[in-house]
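Please find below a short note on the model under review.

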Amino acid sequence: MKRHAGAVLLFLALPAAASAQAVAALNPLYQDIKRNLIESAEQMPEADYSFKPTPEVRSFGQIIGHVANSSYAICATAKGEKSPNTEDFEKTTSKAALVAAIKAGLAYCDDAFTWADAKFTGSAELFGMNLTRMGWLMLEETHDNEHNGNLVTYFRLKGMIPPSSKRS
């Protein structure tokens, strides 16, 4: 987690002219968190998709749905286009549907993490924030890491080893 936070701080300090280099550095971190999220969605048994450590927080499945929803919203904003997502995956309860949703939501972001300089001009607004296109990609990666941390905790509470720890 420290390497992700350090990378984000570094990218915040980079001038706009370094955007292509920044996204080239951000892409491997994004691919890593994408892998962790997809493997987490696949690994958790369907019966545990409704698991909540406390009543006030999202269930495991709701977090997977939330990440799918937000990936579409954030990456559409970064791309300067309308999100193709028309569903609220936080309301989806089927593991198969949620695994497909998170895979599709994250795949929608893939091409943005390989852009050249010209794509980084301008800014966009979402959630009451106005960020550069690079800023939105950074938010996507950090948001995914935030929720991966939630999922790791859920795995541990269930006595399971999360995918990222299995590879360590």
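**Notes on the predicted model**

1. The protein has a mean pLDDT of 86, and 82% of its residues reach 70 or more; pLDDT is the predictor's confidence in each residue, from 0 to 100. This is a predicted model, in which local features need pLDDT of at least 70, side-chain atom pairs count only at pLDDT 80 or more, and totals for chains, interfaces and linings use all residues. Residues are numbered from 1 along each chain as its sequence is written, and side-chain values use heavy atoms, leaving out hydrogens and water.

2. Confidence is lowest in helix α1 (residues 2-13), at a mean of 50, and highest in α4, at 97. Over residues 9-14, pLDDT stays under 50, and the model has 6 contacts (heavy atoms within 4.5 Å) beyond four places in sequence for them. Where pLDDT is low, the predicted coordinates should not be read in detail.

3. The protein comprises 6 helices and 2 strands, in the order α-α-α-α-β-β-α-α from the N terminus. Helices (H or I, at least four residues) and strands (E, at least two) are DSSP runs, numbered from the N terminus.

4. Among contacts in the protein with a separation of 6 or more, 72% are accounted for by residues 24 or more positions apart.

5. Of the 168 residues, 46% count as buried, that is, under 20% relative accessible area (1.4 Å probe, protein chains only). The protein exposes about 8,300 Å² (Shrake-Rupley method, 1.4 Å probe), with carbon and sulfur atoms supplying 57% of it.

6. Lysine 91 lies in the loop between α3 (60-79) and α4 (95-109). Lysine 91 is exposed, with a relative accessible area of 69%; the cut-off for exposed is over 50%. Lysine 91 and histidine 66 are 25 residues apart in sequence, and their C-alpha atoms are 9.1 Å apart in space.
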